[in-house]
Amino acid sequence: MPDSEQITLSVEAGIAIVKLANPPVNVLGAAVRQAVAGTLRRLATEPDVRAIVLGAEGRTFCAGADITEFGKQTVAPFLPDLIAAFDVIDKPIVAAIDGAALGGGLELVLGCHARIAGRAARLGLPEVTLGVLPGAGGTQRLPRLIGAVPALHLMTDGKPIPAEAALPLGLVDAVAEGDVLAAATAHARSLIGRPLRRTRDLTDRIGPSADFEAAAASVLAREPHNPAVAACVDMVRAAFDLPFDAALAEERACFLRLLHDDRSKALRYAFFAERQAAHVPGLPAGTAPRPMSRAVVVGAGTMGVGIAMCFANAGIPVTVTDTDDEAVRRGLARAAETYAVSVKRGSLTPEARNARLALLQGRVGMAAAAEADVVIEAVFEEMDIKRAVFAELDRIVRPGAVLATNTSFLNVDQIAAATGRPQDVLGLHFFSPANVMRLLEVVRGQHTAPDVLATAMQLGRTLQKVPVVVGVCRGFVGNRMLAVRSAQVERLLLEGALPEQIDAAITRFGFRMGPCAMGDLAGLDVGWRARRAVGIVAPVSDALCEAGRFGQKTGLGFFRYEAGGRTPHTDPAVAALIAEVSERHSVPRRAISAEEIVERLTFPMINEGARILEERIAARPGDIDVIWLNGYGWPAWRGGPMFHADLVGPARIAARLGEMATMSGDETLRPAALLQAAAAHGGFAGLAGARP
Ligand code: 3HC
Ligand code: NAI
């Protein structure tokens with residue numbers, strides 16, 4: 001029997017080995033489904049074949065359904081039918097799972113009669129992260145195989161689990177130490193002639209319905225915005241209440257309904273935008289990154305220590321430096337405390353903690369940089385200090401090492417110009433807390449060499465970040481748009497809104513935290529000092545700081561905090577203070593609706609996003625969205641500001657911005673040319689080629 005281009009087939013001593021062969025991640029597109037269905041049909045009647053092993057070529061067993069087919073016309077067999085066909089084959093089918101089996105890939109595995117996993121296997125149903133549910137029988141087969149409660153958690157967490165966690169759940173029958181295919185082949189042989197264990201027929205593992213209902217209630221309370229989570233709950237309940245085939249039909253209908261929900265469209269768009277961000281325009285294909293085995297971080301403050309921990313977490317030796325012993329000691333102590341909290345919480349073993357701490361060293365002065373492949377500067381946000389650090393690094397660092405600055409706002413080209421090697425310099429803008437936040441803005445300077453950029457992108461992935469390339473401008477993409485939003489917060493407060501109203505409107509929109517509570521968390525004095533340095537006035541925020549209200553650190557900011565507490569409480573003193581500032585500035589106060597608050601905070605950001613695209617600071621609308629989703633808490637199910645713009649309609653946004661500009665006299669609010677173009681052409685995604 002010949003191989004198809006999408007699978008490979010070999011038959012040895014009565015065992016057929018079918019392998020998915022659709023690089024890079026073996027998605028189950030139409031051609032693969034046809035190849036598997038046709039081959040299994042033939043093998044079912046082939047007298048020399050007694051059992052079948054289903055494996056895969058490459059590092060990933062199977063990434064599931066081909067998401068690019070979603071919402072488009074596709075051809076039979078559909079995935080549920082392909083898997084249902086396993087049930088009419090009366091020869092054992094055993095899955096040999098090496099690498100990730102996700103979504104439809106795991107559902108394929110659930111349709112088999114037994115499952116053998118390799119040590120590196122990861123199994124999961126991430127569909128909810130795309131706003132859909134497992135739509136190829138997973139909602140019915142999984143509860144029957146491992147029980148309703150663990151099945152519900154696997155589906156609604158969306159996170160894959162490793163082979164050793166899958167074994168006690170009964171999700172796999174064995175974990176092979178060596179050759180997974182050989183172990184699965186041996187297992188298949190042992191099943192020949194024995195009754196087949198079809199997942200659809202299992203009745204003894206689903207567990208009590210009361211336990212499921214209790215788990216369902218807590219899951220629903222945790223995830224109010226994602227309709228896919230509620231759908232998973234309904235479908236697992238159906239596993240108790242409906243016959244298997246009726247429940248499958250219900251699952252299919254539910255899947256198709258969710259597919260057309262804007263929230264799922266947003267999540268799928270975000271999935272591809274994140275992957276597209278990895279492809280850097282203008283970076284020649286195959287540009288080899290520079291070696292990266294030893295790092296130095298200059299500055300042992302909040303960011304420096306967090307960044308150093310990222311390296312230690314990734315197994316890369318790192319030295320963090322500062323100007324005196326005490327600063328170094330404090331920095332290392334902070335890293336140790338953070339790891340101790342993780343150990344206490346159970347998310348890190350003591351051994352892993354010790355291994356990380358062993359990779360993390362502290363030194364006074366910058367001499368350690370001489371040995372480094374990459375140096376990341378995280379000293380005070382002042383140009384003169386940063387330039388002095390880079391000039392010294394230029395003297396001591398070996399040729400070819402990558403020199404990066406973690407500046408939030410400053411001009412990377414001016415920093416690079418302090419060295420004689422601007423081609424080796426770029427920005428690596430981490431977000432606080434650096435050891436937690438996934439976003440990494442990679443700031444490409446005017447002279448940054450292609451292989452330095454390639455190194456930064458690879459380093460970002462090694463540090464488990466989402467790296468996005470941006471250009472040089474004040475605040476790059478994220479902070480530049482944030483500044484526009486902050487200006488609107490100020491304006492809204494002055495015109496009549498209160499901090500609690502602004503935060504309530506924006507959390508209802510989907511952010512976990514409002515801008516006022518966020519300001520309190522970061523410390524209002526930080527922005528105050530930065531504004532004073534450049535002569536910018538923010539009447540309300542300035543007045544709060546002048547009254548000693550710096551945020552959580554002083555117990556008072558936009559809100560009031562109990563001693564040691566982090567919960568914001570409305571403070572009447574703030575309402576009085578703001579009213580007094582409005583009066584002083586002769587701004588009449590009025591009631592401002594939640595809808596107006598959301599529009600005034602998001603539309604100017606979208607406008608700034610359009611300018612950022614015009615200036616080519618970001619290459620694609622998707623890159624801006626990836627930044628806001630991963631660095632600033634934009635709700636994932638709203639896809640990011642530029643995706644949101646397409647949903648709301650650029651024409652409406654442009655019109656509202658025009659009104660806002662007229663009302664406020666702030667000409668920067670006039671819609672950017674690209675926003676006008678998007679309004680005429682129906683959206684940003686189409687305009688600039690982001691894949692929705
Ligand atoms: N459909 C279409 N394309 C996919 C895909 C999928 N399910 N999964 C990955 N790809 C593409 C990526 O877009 C990327 O394309 P590019 O090279 O053009 O940018 C390429 O495959 C490689 O992907 P990654 O860069 O993500 O590769 P990694 O090796 O870093 O990660 C992975 C591999 C962990 C499998 C990761 O790709 C992943 O998480 N994929 C999605 C898994 C998923 O969500 N599956 C559920 C799909 S929905 C489903 O199955 C519905 C069913 O219930 C009916
Ligand atoms: P920080 O004040 O906590 O730490 C700065 C550290 O640099 C201090 O320990 C200081 O002693 C040290 N330092 C100063 N001059 C030095 C020199 N010449 N050599 C060695 N060490 C020196 O500041 P933070 O918050 O860590 O910020 C550092 C940089 O990161 C700044 O550029 C900031 O804009 C940027 N950043 C800050 C974020 C935040 O949320 N705090 C987020 C992203 C970037």
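In these exercises, Ala, Val, Leu, Ile, Met, Phe, Trp, Tyr, Cys and Pro count as nonpolar, Asp, Glu, Lys and Arg as charged, and the others, Gly among them, as polar. Keep in mind that the model is predicted.

**Exercise 1. Describe the shell around ligand 1: how many residues surround the ligand, and how do they divide into nonpolar, polar and charged?**

Step 1. Start with the count: ligand 1 is surrounded by 24 residues. Ala65, Gly104, Glu107, Glu127 and Arg275 are the closest.

Step 2. Now sort the shell by class. It holds 13 nonpolar, 5 polar and 6 charged residues.

Step 3. Next, look at the helices. Both α3 (104-110) and α11 (262-277) supply at least two residues of this shell. The largest share comes from α11, with 3 residues.

**Exercise 2. Find the polar contacts of ligand 1: which atoms of Gly104, Gly135 and Arg275 lie by its oxygen atoms?**

Step 1. The cut-off to apply is a pair of N or O atoms within 3.5 Å.

Step 2. Take the backbone first. Gly104 places a backbone N or O atom 2.8 Å from an oxygen atom of ligand 1. For Gly135, a polar backbone atom is 3.0 Å from an oxygen atom of the ligand.

Step 3. Then turn to a side chain: an N or O atom in that of Arg275 is 2.6 Å from an oxygen atom of ligand 1.

Step 4. Finish with the area. Ligand 1 taken alone exposes 990 Å², and the protein buries 77% of that.

**Exercise 3. Complete the picture for ligand 2: what are the distances from its oxygen atoms to Val379, Asn406 and Ser408?**

Step 1. On the backbone side, a polar atom of Val379 is 3.3 Å from an oxygen atom of ligand 2.

Step 2. Among side chains, an N or O atom of Asn406 is 2.9 Å from a ligand oxygen atom. For Ser408, the corresponding side-chain distance is 2.6 Å.

Conventions: Residues numbered from 1 in each chain as written. Chains lettered and ligands numbered in written order. Predicted model: local features only at pLDDT ≥ 70, side-chain atom pairs only at ≥ 80, totals over all residues. Heavy atoms only, no water. Near = heavy atom within 4 Å. Polar contact = N/O pair within 3.5 Å; in protein donor to acceptor, adjacent residues only side chain to side chain. Areas by Shrake-Rupley, 256 points an atom, 1.4 Å probe, with all protein chains shown as cover. Helix = DSSP H or I, 4+ residues; strand = E, 2+ residues; numbered from the N terminus.
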